[in-house]
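Biologist: Before we discuss this fold, I would like each structural term to be set against its definition. Could you take me through it that way?

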Amino acid sequence: MEQKEWRWIRSGAGDPAYNMAVDEAILTAHSEGLSPPTVRFYGWSPATLSIGYFQKAKDEIDFKAVEREGYGFVRRATGGRAVLHDRELTYSMIVAESYPGIPSSVTEAYRVLSQGLLLGFRRLGLAADMVQLASPEEQEKYASMGSAACFDSPSWYELVVEGRKIAGSAQTRAKGVVLQHGSILLDLDADALFDLLLLGSDRIKERMKQQFLRKAIAINDLLRAAGREPVGLAEVEKAFETGIAEGLNVRLVPGELTDYERELTEKLIAEKYGNAEWNLRR
C-alpha cells in the first residue's frame with residue numbers, strides 16, 4: 001500500500017503565543033482543506049509555563065515567580081495541567097477526524113497518534129510501553145494527588161518507562177480536526193516547575209513534588225541511570241521523526257507554513273494567545 005504524505009514542519013524555538021497560535025492556525029487551515037495533515041516540532045524561547053484550557057490561572061500559578069524567573073506564560077487550547085517547557089522537544093500532530101484509521105473516541109485516537117512517540121523512545125534505546133488505564137488497579141497505581149503539574153498523572157493511554165511517565169500529551173478536537181500536542185522531555189527540573197505553582201504550604205508542595213518525581217522521568221535521567229551518554233535535541237528529533245513516520249505509516253515531507261497559516265497565526269496572537277483576556281480567563 002502506498003504511503004500517504006504528511007507535512008513535517010520544524011519551527012525551531014518560538015515564543016509562547018506564537019507556538020500555540022501556529023498549532024491552531026494549522027488546525028483551521030486543515031479543516032478548510034487548505035493544508036495537509038501535519039506533524040510539527042518546536043521549542044520555546046523563553047522557557048514557558050503553559051496551562052491547560054480548564055485551569056484556574058490565578059488560583060494555581062504564582063505569577064510573581066513566573067515573572068521573577070523570566071518565563072513565558074500561555075494558556076493552551078487543550079486540556080491537561082501545567083507544563084514547564086524548557087529542555088524538551090515539543091510536537092504537534094494535526095489531522096482530520098475523518099482521516100483513515102483515526103478512531104472517533106479521544107482515548108483511542110491517543111493510542112493511534114502516540115504509537116509513533118512510543119517508537120521514538122524505543123529508537124533511543126528506552127524500554128517504553130503504552131499503559132492502558134482500564135482496570136481499577138492501574139488507575140489507582142497512576143492516580144494523581146491533584147497537583148497542577150501535568151506529568152504526575154498518566155491518562156488513559158500513557159507512555160511510561162519503568163512505570164514512570166515520559167511524555168505529556170493533550171488533545172482537542174475542533175472543526176472536524178484532531179490536534180494532539182505534547183512534551184518530550186530531555187531533562188526535567190521539578191524544582192523549577194513547582195516553584196511556579198500555588199500549592200498551599202511548603203510542606204504540601206514538597207510532598208507533591210516528591211510524588212511527581214516518583215511518577216515522571218526525562219530521557220536523559222533514564223540514560224544516565226543506565227550508564228549511557230545523555231542525548232541532545234538533534235538526536236531526539238531524528239528518533240521521533242522516524243518513529244512518528246513509522247507509527248502512522250506515513251512519509252513525513254519537510255514543509256513550511258502557508259501564507260494563509262501565517263496570517264491566521266498573527267490574528268490568533270493578537271486576538272487570543274498574546275493577551276491576558278485569554279491567558280487569565282479563568
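Modeller: This is a predicted model, in which local features need pLDDT of at least 70 and side-chain atom pairs count only at pLDDT 80 or more, while totals for chains, interfaces and linings use all residues. Residues are numbered from 1 along each chain as its sequence is written, and side-chain values use heavy atoms, with hydrogens and water left out.

Biologist: What is the order of the strands in the open sheet of six strands?

Modeller: The order is β10-β11-β6-β2-β1-β12, with mixed pairing. Strands here are DSSP runs (E, at least two residues) and helices likewise (H or I, at least four), numbered from the N terminus.

Biologist: What makes β10 and β12 the edge strands?

Modeller: Two strands pair if DSSP finds at least two bridges between them, and β10 (167-174) and β12 (250-254) each pair on one side only, so they are the edges.

Biologist: What makes β10 and β11 a hairpin?

Modeller: The two strands run antiparallel, joined by eight bridges, and two residues lie between them. Ala174 has Val177 in β11 as its bridge partner, and Lys175 in the turn has a positive phi of about 55°.

Biologist: Which strands does helix α4 lie across, and how is its angle defined?

Modeller: Helix α4 (residues 106-123) lies across β6, β10 and β11, running at about 140° to β10. Axes are lines fitted to C-alpha atoms, for helices over the stretch in contact (heavy atoms within 4.5 Å), and angles run from 0 to 180 degrees between N-to-C directions. Helix α9 (residues 233-248) runs at about 25° to β6.

Biologist: Why are the residues of β4 called buried?

Modeller: Buried means under 20% relative accessible area (exposed is over 50%, partly exposed in between, with a 1.4 Å probe and protein chains only). Gly72 and Val74 point one way from β4 (residues 72-75), Phe73 and Arg75 point the other way, and all are buried, so each of them falls under that 20% limit.
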